Structure formats: structure tokens, C-alpha cells
Amino acid sequence: MRSNPVPRTADPLATVRNLGILAHVDAGKTTVTERFLYLTGATHKRGEVHDGTTVTDFDPQERDRGITIFAAAASCDWAGHRINLIDTPGHVDFADEVERSLRVLDGAIAVFDAVAGVEPQSESVWRQADRHGVPRIAFVNKLDRAGADLDSAVESIRRRLHPVPLVVQLPIGREDGFTGVLDLVAMRALTWSDGGDMADGEVPGGLLDEARRRRRLLEETVAELHPAALEEFCAHSAVRDATLVAALRDLTRSGEAVVVLCGSAYRNRGVEPLLDAAVAYLPSPLDVPPVRGTATGRGLAAGQDRTRERAADPRAPFAGLVFKVNSTATGRLTFVRVYSGTLRKGDTVLDAGAGRTERVGRILRMRADRHTELDQAVAGDIVAVVGVKSARAGATLCAASDPLVLEPPSAADPVVSVAVEARRNTDTDRLVTALARLVEEDPSLAVRTDPETGQTVLSGMGELHLEVAVEKIRRAQGLEIAVGRPQVAYRETVARGVTGLVYRHVKQDGGAGQFAHVVIDVEPLRPGAQSTEAGAEAGAEGGAGAERTAEVFAFDSTVVGGRVPREYVRAVEDGCRDALAEGPIGGHPVTGVRVTLTDGATHSKDSSEMAFRTAGRFALREALRASAMVLLEPVVEVTATVPDDAVGGVLGDLAARRGRVTGSTARAGSTVVTATVPLVELFGYATRLRSRTQGRGTFTTRPVGYAPAPAGATGADGTR
């Protein structure tokens, strides 16, 4: 008997689920994925993270480090449904992999540790899913651990993530005695043997009263949120199972509530009901709104609305989004979510953003590093294609006859950089090629050449991110690489601006000249608030992409009487944006600035958009030099779990790193310390923490924005 009845439908797309597994590091999401693959028959042996035998963590570095680094796709079948799974990383340095995955997913399973509850990165990925509007169900894992408590974990979900949790299961037994779950929807007891075999039986007498009380509480909560359930509850003082399942499905898909299940994936308990819940409550491609894009091509009239919607229809023109590129020993794999139409082997498609055509040689359904060949992929599919040579993550592949550009996943700005060079001069060209391929695979990495030193600089989302990237080149190319000291990405902002700055751009060198006269005011974007505040708000919602939603620049014009025509005002704004690239303190990007154009003048012949753009650029540069500027450094929230006898030393070390302790919580013989620390002070912290705690301490970080750097800092090399 299945705990969650799965509705049957004639439309094949209704039986597809595109799901992601989201969690903090070590919450057990890869183990959940492995159990899914085993139970659905996709694999014939249970993979274990600690043994390095998992299917989705197939990269050698993932197996060596015991963490998920790269998002891995796998497909399986359950109860007549095809589930396309993406196992996402849980470490903050790889949050951009999560961002790109969430862009193409229809639903997600958020995994939480029953002891720790909501942890920093589980909060970050939850906010990322909120931004993309991805419906979720929650799975409280590791109920067999000492200190595991379902109610505490659910309360942390309610308090820190703010959904309405709808608990549909209760554990049978505690900690080592955990043997199964009570299904509050079907009012059945599901238990598992040590071998992983499930038994479905009546609720034990000793648990019946508690099960009835919790079922009543579930009905009341659902009735408050769902009209049909409320009507039935008012008429009969109860909600039937079928009505409850339908209401849970509606509330999950609308995002009004989150269904909570529980179990222990490692001990193979609670996974089958989780699969049932995934297909019963999470949406199919038919249940999500049509994807929106921008039409391109020559047949559009000027001023015509270019916004288009594409429903998940195999008969519509083809449109798909590239969300991942992976270079393998056998060729380049381009991972595509097909949103509409049908993609066939041998088709020629258009890269709408680049204007290039690409030929699809093969279509593969992936299971991590293994695959099955397909003749075609239809709307709702997530597949890898071979033969596409140039499309990068975020590119739209579409039918050339009906071009459409879909919104790409947003990319976070890198925050840490290192200089890299080949130890042998003869390997320099190979290193350049390897770095270019690396950036193509991971858009959150950036490579540039320092104009002063000539060094090649690799930038990424954190120390571990860069360490993994460099090691990947070493292993794949056999190169010996020298790596410099990490540097952080500083910013500059205005603490006190200037008013009435006049800049006059006049250039006459034969022929038509250039003339532009502008008067600007410069002030902090939000007076009285440093940009760290905006960054903190964004960091709480966006994880590693904290600055992705932070306010950077605002431009206004108060010019009256047409003294500066509208097209020249736009040119002044463009020039000001150009000037933000380098600030006066150390040449770092400028953020948190408001510029107001208050007056200006033109020349009947010599004024042009180019002249006013130049005037805007030089005017803002002068204004920034005349303003009181502040150097900003990236700050992160550190959550350290340390033994009670080492708390004093850890707190002292954090204080020496300019850390500000924001919280401390006791937890079963250890203490969880939360502090805000400048990122530049955390290089090498893992080694220091291990030495102070005799190897028993662990920590995680989460970006929270920028804060003023201490007096005397220049940000030139990350030191003072």
C-alpha cells in the first residue's frame, strides 16, 4: 500500500518530475539520492559517501573530499513516473552550481539534519529556491543519530525559513531505536528491517493517541490554508484522506506550505515514502507556468512586444536552456532543459544569444557519469547533448525558424582571487587553454591578466572553490602550477559626497568637435547606511551570490527646460557607469552611489552622445576623488561547532581575526559559535581551528555582504 496515492493521467508529461536535492554539507542529500537510485532499480548496489562508491559523486575530488562539488544529473523511474534528479552541492563555495540547477528545476527536496535542524547553507539554498519559485518538500534525515529530534528540526524550519510546515509523518522509536514512521495521511505504520525491507501495518496501540492528535493538528492547519479542506472540515469535523492529499499537493505547488517527512537514508528507512511524496506533491512540467523569453529575429516591428511564453508542449517550436557544460575524455557534454518542442538527434538548432547554429550529434539521458542514448528529447526533459561546440551555461538553444532567448541563470561576482602560473614556461599555453575550458564549464570562475604584473589571476567564490579548480587542471592536464596567496574582492563606496561638481568636456581637433557640459551631485545611495547592509540582506537570500541583488548604483536627472536632451542624459548615465569600474582608493569597483544630473549645456553642432558619455565618465571620476570614500571588504558569517573545552580558545582566535560574535548555542557536548568575520582573515582558518580543537572542530561560512575596512587598508593585496 502506498502512503501517498499518485494521480494517474493520460498525458505523458504529467508523469515527469524534474527535482533537485538541496541541503547543507553533511545533511545526507547524496545518500538520499543514492537510495533513490537503488530503490528505483537505476543501480544495483547502495553507494556510500564514506566508501567513495556513490554514483553522483563520481569526480575523484568529490570522492577524496567526501563532499559534492559538481551538480550531477541522474534519471530513474518510480510508480510509473520518470524522475530527473539533480544532486546539488551543499558547500557555500559551490552555491552557483545550485543557482544554475534551480533555474531549470520544477521542484526540490530539502534535506535537513535531525540534530542540527536548519544550518547556514540550508538556509541559503532555501532562499535561492524562493527566488526561483521552486516548490519544495522537506525530509528530516538522520533520525537514528543521538540527539535527533523531529519537533526541534521542524521548529527550526518554521523559525528560520518561515514556511508553514505540514508534518505528515512521525518517527517510531528514537535515536538507535528508530525503526520506521507513522504515516499521518494513511494512518499506517511503516517499518524497516535491518536489511532495508519495508513492512506496512496498523499503527501500534501505544502510539495511536499521539497519531490521532497529530492527524487532527494536520487537518486543522491544512483547513486554515485550503478552501476545499476548510469546507469539508467545517461540514464533517474531519478531512478525508483524498481531500487531504489534494490539499497538500495544492499547498506545496503554490508555495503556501511545505510537507515534512522524516527518516534515515543511511539506514534505508523512510526513503520509499519520500519517493511517493515527491511524485504525489511536487509539480510536473505541466503544472508550472509557461517559460517566458524574448523573441528575436527580423520579422518583428519596431516597438512590438517581444515577450513570449512557451508552454511545455512537444508540438511547439523547440526551446531549451543550457545550464551546465562538462568537458569529458570523450567530448563536450552540454546539459539542456527542454522547455518546449522536440529535439531530435541530428537537428540543427540556433544559439539565440550568439546567433550561431549548432548541430546535435547525440542525445543522452544521464545517470551521473553514465548515460543512455535517446533518439529525441521532448518538452520537460533534462538531457545532455553531444556535438554542440560553443554554447555556454545560460545559452538558449531553439528552433532557427522561431528564435527565442530565455532568461539565463544569474552568476555571482567572484570574491577571492589567486595568481596562477605554469612552473615550466613550455606549459604556459596549455595552462591558458585549460583555464579557458574551466571558465566555460563554471561561469562563477573568472580569469584575467593583471595589467601591472602580467600575472594570470583566477577568481572564484571561495578558497575551496579555487583549490578545487586548480587541482582539476593539475589532474586533468598533468600540469605543475604555482599558486599565489589568495586575495579578496574589495569595493569602494561614498561616505560623504559632493554637490554641484561642474565638468566641461571640449575637444576640437579638426572637423566636428566634442562639447558637453554637465553638473552633478554625488551622494551615498542610501544615506546613513553602509552598503554592507544591502549586502547582508542579499546574502541572507542569495548565499554566495550576496551581491547579486545588492544596490550598486542609481542615477537621476533634475534637469529642466530641455537644457540636456533625453538621449544625452542616458549617455551621461552610461558614462557614470563606466567610471564605477575603478575607484580612487585602490582601483576597486565602486558601489552604493547615487548620481544626480542637475544641469548642463549643449552645443548646436559639437554635442553628441559620445561627448556626454565622456563627460559623465570624467565628471564622476573627479567627484569620487573629491568625495570622502570608504574601502569595503567582504565579510562572512562563520558558524563553528567546537568542543566545550575549546570554546575559549576559538572565541579568542575569532576576536584576533576581527570577528564579531553574534551567537552561541550549546548542543550535546559541543558549542555552536556564530560570528561575522572579514573574509581576508579566514585564509588558513581551517588549519588553525583543527589545531585549537585537536581536530574536533568544524566550521562553515556564508557571505553576508561588505563592511568598511579598517583605517590604513588599501586592498591592494589583501593585507594591511
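Tutor: We may begin with strand pairing: two strands pair if DSSP finds at least two bridges between them. The model is a predicted one.

Student: Strand 31 and strand 32 are joined by bridges; how many are there?

Tutor: Within this pair, Y503 stands opposite V518 of strand 32. Strand 31 and strand 32 run antiparallel, and the number of bridges that join them is eight.

Student: In what order do the four strands of that open sheet lie?

Tutor: The pairing in this sheet is mixed. Its edge strands, each pairing on one side only, are strand 31 (498–507) and strand 33 (553–557). The order of the four strands is 31-32-34-33.

Student: By what angle are neighbouring strands of this sheet turned against each other on average?

Tutor: The direction of the strands is ignored for this value. On average, neighbouring strands are turned against each other by 25°.

Student: Which strands does helix 13 touch as it packs on the sheet?

Tutor: Helix 13 comprises residues 566–579, and its direction makes about 155° with that of strand 33. In packing on the sheet, helix 13 touches strand 32, strand 33 and strand 34.

Student: What angle does the direction of helix 14 make with that of strand 32?

Tutor: Helix 14 (residues 609–626) also packs on the sheet, where it touches strand 31, strand 32 and strand 34. With the direction of strand 32, that of helix 14 makes an angle of about 40°.

Student: Which parts of the structure does the salt bridge between R594 and E523 tie together?

Tutor: The side chains of R594 and E523 meet with an N to O distance of 4.0 Å. R594 is partly exposed at 24% relative accessible area, and E523 is likewise partly exposed at 33%.

Student: Why are D130 and R127 separated by about one helical turn, and in which helix do they lie?

Tutor: The side chains of D130 and R127 form a salt bridge at 3.5 Å, N to O. D130 is partly exposed at 36% relative accessibility, whereas R127 is buried at 14%. The separation is about one helical turn because the residues are three apart in helix 4 (residues 120–132).

Student: Is E232 buried or exposed?

Tutor: E232 forms a salt bridge with R240, with 3.4 Å between the closest N and O atoms. R240 is exposed, at 52% relative accessible area. The relative accessible area of E232 is 12%, under the 20% cut-off, so E232 is classed as buried.

Student: Which residue of strand 11 is the bridge partner of A138?

Tutor: Strand 5 (residues 136–141) pairs with strand 11 in the parallel sense, over three bridges. Strand 6 (residues 165–167) also runs parallel to strand 11 and is joined to it by three bridges, with P165 having V258 as its partner. The partner of A138 in strand 11 is V260.

Student: At what angle do helix 1 and helix 9 pack?

Tutor: The axes of helix 1 (residues 29–39) and helix 9 (residues 271–281) are 10 Å apart. Helix 1 contributes V32, R35, F36 and L39 to the contact, and helix 9 contributes V271, E272, L274 and L275. The two helices are roughly perpendicular, at an angle of about 85°.

Student: Over which residues does pLDDT stay under 50 while the model has 57 contacts beyond four places in sequence?

Tutor: The protein averages a pLDDT of 87, and 92% of its residues score at least 70. One stretch below 50 is residues 716–720, with 15 contacts beyond near neighbours in sequence. Where pLDDT is low, the predicted coordinates should not be read in detail. The stretch with 57 such contacts is residues 528–550.

Methods. Residues are numbered from 1 along each chain as its sequence is written. This is a predicted model: local features need pLDDT of at least 70, side-chain atom pairs count only at pLDDT 80 or more; totals for chains, interfaces and linings use all residues. Side-chain values use heavy atoms; hydrogens and water are left out. pLDDT is the predictor's confidence in each residue, from 0 to 100. Contact means heavy atoms within 4.5 Å. Buried means under 20% relative accessible area, exposed over 50%, partly exposed in between (1.4 Å probe, protein chains only). Axes are lines fitted to C-alpha atoms, for helices over the stretch in contact, and angles run from 0 to 180 degrees between N-to-C directions. Angles under 35 degrees count as roughly parallel, over 145 as roughly antiparallel, 65 to 115 as roughly perpendicular and the rest as oblique.
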